[in-house]
Amino acid sequence: MQEEVKNNNIQTAKAWKPKILAIFCNWCTYTASDLAGVSRLKYPATTRVVRIMCSGRLDPQFILTAFSEGADAILIGGCHPGDCHYATGNYKCLRRFHLIQKYMKQMNIEPERLRLEWISASEGKRLAEVIGEMTETITKLGQSKIKQQVANIEK
Amino acid sequence: MKYLYYPGCSLKSSGKSYEESMLAVFKHLGIELQELNDWNCCGATNYMAINEQSAMSVTSRNLALAEEQGGSGEINLVAPCNACYMGLLKTKTYLENEQGLRDSVLQKLDSIGMKYEGRVKVRHPLDILVNDFGLDKLKMAVKKPLKDLNVVSYYGCQVVRPITAFDDASDPVYMDQIAMTLGATAVDWGMKVRCCGGSMTSTVSDVGLRLNYLLLKEAKRKKADIIITACPLCQFNLECFQDKISRKYGESVNIPVVFFPQLIGMALGLDKKELGLQRMFVQPQYL
Amino acid sequence: MSNNKEEIRIGVYICHCGHNIAGAVDVVGVAEYAAKLPNVVISKDYKYMCSDPGQELIAADIKEYNLNRIVVTSCSPLLHEKTFREATTKAGLNQYFMQMVNIRENVSWVNENFDDATEKSKDLVRAAVQRVAFQRALEKQKVPVNPNVLIVGGGIAGISAALTMANAGKKVYLVEKESTIGGHMAIFDKTFPTLDCAACILTPKMSSVKNHPNITLWTYSEVSNVEGFVGNYKVQVTRKPRYVIEDLCVGCMLCVEKCIFKEGKFPDEFNQGLSKRKPVYVPFPQATPLVAVIDDKTCIHFKTGKCTQTCKTACDRNAIDFDQKPEIKEIEVGTVLLTTGFQAFDAKKVPYYGYGKYPNVFTSLEVERMVNASGPTEGHVLTREGKAPKSVGIIHCVGSRDEKTHKWCSRVCCMYSLKLAHLIKEHTGADVYNFYIDMRTPGKGYEEFYDKLLHEDVHFIRGRVSEVTDWITSPEEEGKLIIRAEDTMIGMVRRIPVDMVVLAVGMEPRDDAQEIRKMFNISCSTEGFFLERHPKLAPVNTFTDGVFIAGACQGPRDIPDSVAQAGAAAAEALVLIDSGHVELEPNTAYIVDEICSGCKSCLNICPYKAITFDLEKNKSSINVALCKGCGTCVAACPSSAIKQNLFEDVEIFSEIKGIFVE
């Protein structure tokens, strides 16, 4: 068991690359993600997309769960203000985002690990840029220790 | 209004009257210029073409000096010579966008105990006059409107290109607007940004003289009384070879060529000497 | 919640998509990896999952292995979710037991490192396997479709679509911003490549629209509000006052004649400002409806209130009404067709071509009016001095194929420039020079037209024009405009002196495209034209069901293509109408009564007022018919009493956990 952990550590030390949870709304940012694909734009393979209908569906617990399960960062993507497919869902998302930021500060989690971006269906390029930037930032910041800390508490 | 001022070599020599007139006009308008201490070459030499990295290191020392002298926050550095202006602006822009270059230049600055944080904004006096000071205020300061004077504005190659920080890249109008503000008639012509020959007038003089001939001839055809410019080299080329050109092409191309602050100064009622007008080879009769 | 007793049996299918996925992801490795995941009974990779054999493979496996959950790992669900849901249904399984994983748009097309892409695909498959176990059987909800249709924009696309829909027996509301329908096509003289007269083919269609019993035509009107959803839109149309009562006016022009302005004084928009009109006017003789309009920005009555109102007294039908106010019309429609068209590029944005500076630089639209027999010069091509030009230069790609303005090719300019070259040559006999980057003539009879021009003594210079200037080098050039361009065929810069320059301006999105986009809840692509659902397979659909697009509002397009698209959009709308109902995704929210504490947090959060509060029960309740399934209330409920079908908490949480926990 101990040996396994050791091996694991060696592996992570060698080949760690950030894993970013991306929560995208169906209408704007998920479509932008498709557009980036269709346009063959290149960005690092660090994100894992979960699609929701509207950024207004974003439950703060999604963020906290992701961090405690090992996400190095989380990117939330919604429609630009005024463009929400459901009129105002993105504003509700923004409110929650501010709250989560406060909570993260209290928990001593680096603010860079959570990012909210308004990316419209036509902004495939922007999406690729954001993922590129975020990967760079998180790579510099290093692996998130939250999962380990949570595990320690639970012990 | 307070600015740091980078003169460059020309404004201290062949373009002395550019410096004199600009300082006089700015002082009159209440725009304060403070000369950059210990400035060095702007890099507008062949050096830039041979070794860009080294050339930009030399240029960037001026930017670093500006930050030292200018204190905290954003620093406006005024460079009246078009070549200095573009040399500094290009260096600043490259440093912002090219990480490899930035690292190497910063390292070189570090080796002489200097640093550059990227706080310098490179400005041209035209930009300052139109966007910071304002043409409305300039109009109010005019004492002797330049009535019935046909002015063509010659911008040269470097003031709006390749980097366009103000005005339009292909059809700049700031000097025309200034001329109109002074009460003159701004004559539109198609030669605003065409080449003055640069150093060709001395190296390959046939080519250089021909280019200047085309400019002067078109100014004459457009019935211009005077050409105004914002660059010491343009002014030098256009003014100093007029007799030679007239002989070579068998037609008179004589026309006064002055720096735009000289024109402003006259309209403001400043003294001719203060504006360095006595230095001009072709005396502007009207002024 | 899923039935605990039910054994979860998952089939995972990895698509190669030819080389599209298999070239960037180890598809076999992902399939082998998936086979070992909990509850996975079978895992396969296949060349094209969306093909018939691919779909049959899934159906056969469902029967053979008794599968009750399916994970298809291929492209975007926005593209093929429907396909695989149908395949699942065919095999007798509820379609919502299928989950898609996008490893094409989100992985193989964007991630370059093979190992990283494979790793990412495995993570995503694992997440989907965990999620799908919790997915439940759901049924789509059916809602009826209102058979009436709204068409916005009365250019050739809108006119064609309106006539098609009306002939199919549907009630059509055609709303046009200007005082007449006809759009840009009405401005043209002749159309390429056949050179048939635009008015001759367009105006009969315009009057058909006006006279069709199924079409309600509202010109000088704009859509001001849209509510509802596919099949059931409530639309508000504002009819701007034209100060002439449409039902009474017969277009006799007496009012125009008797206006106190004896001559036209204001730039005539229809003639591109080449002529002047009065404040009361009819844009052109075939305007439809043929009703005068009074422009309140230029009319003396509205400006000073001190007009003798000679127009009013002149009208023996009492059609003039200076007190007209904007009128709001409320209509209900099931489908919407947007055919709002384009605007021409503003040539002043490229000062080096001298438009607005040199009088004899014209735009192509101005020349269209000039060559038109009923135009401002009665068909004569004239310089501003009123002379026939001896030489004319046509500059292609003004505002097209240019990093500084618009990157796209406007598709029509090469052809219309050829047409104008032919017409100018025909009208004046002038030397005509075409300056082009590439000659783009893809279309039936188009290349042949180009060939014809090559034999008509028209000059072609291949190269981008750098500037139009009045700088001359010899006395013969006095008074001419000089076009400077690189001639790439001979590798030299040329100076061509001409009397007249025509700028072939490109097509760009209308200034109000963003407003319309927001109103109808659709998207624009990067350059600002309306975004289609799929560039190839759903070119007239949008991401909003029931809203279709056709013509140049979707991208630069010529007349034949606009008409074809209008037909396609009409057909799509007819499909919806004739099936009588639409099926909506069951992603609506619902409240678990036992958990709801009656805190009312959800009430204000719903943008559709779908949540009401039952005072007796002291609990909230959701009206499914109004809920659109955004899920905002779900996330807002402090007691987790609100759930969302298709996006249950447990589904999303297991997906998130699946990504990170091996």
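I start with chains C and B, where six residues of chain C are in contact with eight residues of chain B. On the chain C side, that contact is made up of three nonpolar residues, one polar and two charged. Please keep in mind throughout that this is a predicted model.

Next, chains A and C. Here 42 residues of chain A are in contact with 44 residues of chain C. Which elements of chain A give two or more residues to this side? They are the helices α2 (29-38), α3 (60-69) and α4 (89-106), together with the strand β2 (47-52). The most comes from α2(A), which gives six residues. By class, the chain A side that touches chain C has 19 nonpolar, twelve polar and eleven charged residues.

Now back to chain B by itself. Chain B is divided into two domains, with domain 1 covering 36-123 and domain 2 covering 142-279. Taken over C-alpha atoms, the centres of these two domains of chain B are separated by 29 Å. The domains do touch: eight residues of domain 1 of chain B are in contact with nine residues of domain 2 of chain B. On the domain 1 side, five of those residues are nonpolar, two are polar and one is charged.

On to the helix pair, in chain C. Two packed helices are described by the angle between their axes and the distance between the axes. For α13 (residues 413-428) and α14 (residues 446-454) of chain C, the angle is about 35° and the axes are 10 Å apart. The crossing of α13(C) past α14(C) is left-handed. From α13(C), the contact uses C:Met415, C:Leu418, C:Ala421 and C:His422. From α14(C), it uses C:Tyr446, C:Phe449, C:Tyr450 and C:Leu453. Seven residues in this helix contact are nonpolar, one is polar and none is charged.

Last, the cores. How many residues does the largest nonpolar core have? It has 335, and the residues with the most contacts inside it are A:Ile74, C:Ala162, C:Val501 and C:Leu503.

Take A:Ile74 as an example. Leaving aside neighbours within four places in sequence, A:Ile74 is in contact with A:Ile20, A:Leu21, A:Ile23, A:Ile63, A:Ala66, A:Arg113 and A:Leu114.

There is also a second, separate core of five residues, which includes B:Ala55, B:Val58, B:Leu95 and B:Val105.

Terms used:
Residues numbered from 1 in each chain as written. Chains lettered and ligands numbered in written order. Predicted model: local features only at pLDDT ≥ 70, side-chain atom pairs only at ≥ 80, totals over all residues. Contact = placed C-beta atoms within 7 Å. Helix = DSSP H or I, 4+ residues; strand = E, 2+ residues; numbered from the N terminus. Nonpolar A, V, L, I, M, F, W, Y, C, P; charged D, E, K, R; others polar. Domains from an automatic or database assignment. Axes fitted to C-alpha atoms, helices over the stretch in contact; angles between N-to-C directions. Left-handed = near helix turned anticlockwise from the far one by under 90°. Core = buried A, V, L, I, M, F, W, Y, C linked by C-beta atoms within 7 Å. Buried ≥ 20, exposed ≤ 12 C-beta atoms within 10 Å, placed from the backbone.
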